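Subject: Structure handover and findings

Hi,

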Amino acid sequence: MNNEEIEKIIDSLYYSNPDEGIKIVKFYIKKSKKENSNESLYIAYRYASKFYPVPINFKYTDSALIASKRTENKTLITDAYLNKGVILMDESLYQKALDNILIANKYSFELNDNYIINKTTYFIAQNKIYLGLHEDANKELVNCYNYFKVNLNKKVLNEDYKTYYIFSLMSLIDSNTRIGKHQENISLLEEAYDFIYKNNFEHLKPYFISSEGTDAFYKANYSLAIRKLSEAIRSYNDQWPHLNDIFYIGLSNWKLGKRDVAVRYFEEIDKEYDKSKKLNPEFRPAYELLIKYNDSIGNRDKQLKYINTLMSLDKNYEKNYKYLYTKINKEYDTQKLINEKNKIENSLKNQRTIISLILLITILASLFYWNRYNSLQKKYKEKFEEIISQKPILEKKEILVDVELKEEKLNPKTLNINDKIKITAPKNSSELEFYNKIPGLNPILVQNILQQLDKFEEELKFTDNQMSLRLLSEEFNTNIPYLSKIINVYKGKNFNYYINDLRLEYIIDLMKNDAKYLNMDVKELALLSGFTNTQNFSDNFQRKFEIKPSYFIKMMKENIKTHS
């Protein structure tokens, strides 16, 4: 047999008979060494890294990388880094995994290899999901899904478009669920089942049944969620523990009031953690509910055990979050912008040969922009009127403070925690329901953080340009995931938008109430409101108010002249 035939046999054995696959992989390694072929040896080692268990597979990822470098073929070297990153990520070694994936991503852009670019993008999206950056991950996954779908029938040796199409589709559906795009999932699930039926991918069908179950949970259809997730668990034919299904079956039972049943599922998650000592942070609410349940039945030993485990998980997650978030921002998102900039610059160079066409386009564009300018002037005027008609933020705060003081006189009941922190308890069932929007978070804790956010706003602490999600979580004596979730749910925006919107509303109030601020330049206004630079201030100002700050200042001055 030639190498291509051997690889086809190995591929066919990955799911059906991995033990037999290892025998063929061993043979392929011997054959490649005998023929002194570094290229086929690299491929054989890469197969070994997928078939062998931990930690043997780690050695084979290193061997594959060494073999690829001997070929001096940058495509193989790129693939080797990606392979190593994926293997490490499967074992939750996120920091080392991301390092290798980002190297592969960088090489893929140098090679202009769209296949590897989209493969690495898919795995970077998985890291963003781990960090809870579901909106960002969703955008990446849409691009991956579209690319692999367009190239679905492309046949190139060592390029598996079908597998990454179905993986991207699966991850996109789950990502849509997390950000509330349930309607989009209806057609995507139909597409997935149709592809599975036509392409003999039956082994992946349970994963999409699981996606239906998770989607049902987020739509509060807990009975359907339990039915679908249970069906998925019965249908799997692989070695994975499928904690996602166990977790959401547990949560669904908890929501239905079947706490004893729910706890049995959460304990399965803990057993898996005891074996592997690794766990996705998504499952941490299971421990919060285990702590709550064992507290209610007076089982202090188990309660202490789960508290210690949760603290260990949080510590590990905080460490990973800081490293991964910084790395992705610095080496991936920034590099994407540089690549886009380079594409635009190259495009502009080519246009020099068609200067006459540009002149014609310029004349047409001038007419277009003249019309657009007039339209913008009208739009800016409307936006300006909207802004100056809004109630000042300081006045809003005073009204809220008065209401809260009255409510405190009527409802003085408080709840002591550790005899140190006093938290106002929810006063009635409707208020309790309001503070109970986030699964796994104690409503009293949510209320306390929201009260601290109110005080944070009243004291104008958002004007500190060093303020960050980490610093604020430390000041509130909570952790980053909790605070981020609460701001997202109760303020309706992520932390960056929340803090920047407060700064913008504050500076608008100042300009509306004191003309001296209209004579400041944009840089001074930016620093005064808490922005670190003019560009960031201007971008956020235009995002929120759909008008440039310079236009707003100009219109304010004209407005004062008119009324004086």
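Below is what was found, from the whole chain down to single residues.

Ground rules. This is a predicted model: local features need pLDDT of at least 70, side-chain atom pairs count only at pLDDT 80 or more, and totals for chains, interfaces and linings use all residues. Residues are numbered from 1 along each chain as its sequence is written, and side-chain values use heavy atoms, with hydrogens and water left out.

Overall picture. The protein has 26 helices and two strands. Both are DSSP runs numbered from the N terminus: helices are H or I with at least four residues, strands are E with at least two. Of the 564 residues, 43% are buried. Buried means under 20% relative accessible area, exposed over 50%, and partly exposed in between (1.4 Å probe, protein chains only). Take contacts between residues at least 6 apart in sequence: 58% of them join residues at least 24 apart. A contact is heavy atoms within 4.5 Å. The accessible surface is about 31500 Å², and carbon and sulfur atoms hold 51% of that. Areas come from the Shrake-Rupley method with a 1.4 Å probe; for residues, only the protein chains shown count as cover.

Helix α11. This helix covers residues 205–218. Its 14 residues should span 20 Å at 1.5 Å a residue, and the end C-alpha atoms are 21 Å apart, which agrees. The expected span is 1.5 Å times one less than the number of residues. α11 is mostly covered, with 10 of its 14 residues buried. Among them are Pro-206, Phe-208, Ile-209 and Phe-217. The buried residues pack against α9 (161–178), α10 (182–199), α12 (222–235) and α13 (243–255). Ala-220 follows α11 and has a positive phi, near 65°.

Aromatic pairs. There are 34 in the structure. Rings of Phe, Tyr and Trp (its six-membered ring) pair if their centres lie within 6.5 Å; planes under 30 degrees apart count as stacked, over 60 as edge-to-face and the rest as tilted. Phe-247 and Phe-283 make a tilted pair, 5.1 Å centre to centre with 55° between the planes. Phe-247 lies in helix α13 and Phe-283 in the loop between α14 (259–276) and α15 (284–297), so the pair ties together parts 36 residues apart in sequence. Both Phe-247 and Phe-283 are buried. Trp-254 and Phe-266 are also tilted, at 6.4 Å and 45°. Trp-254 sits in α13 and Phe-266 in α14, so this pair ties together parts 12 residues apart in sequence. Trp-254 and Phe-266 are both buried. Ring pairs also link a cluster that includes Tyr-115, Tyr-122, Phe-123 and Tyr-147.

Backbone points to check by eye. The peptide bond from Val-54 to Pro-55 is cis, with omega near 0°. Pro-55 lies in the loop between α3 (38–51) and α4 (56–71). Leu-460 is not a glycine, yet its phi is positive, about 60°. Leu-460 is in the loop between α20 (443–458) and α21 (469–475), and is partly exposed at 24% relative accessible area. Glu-546, also not a glycine, has a positive phi of about 60°. Glu-546 is in the loop between α25 (534–545) and α26 (549–563), and is partly exposed at 33%.

Regards
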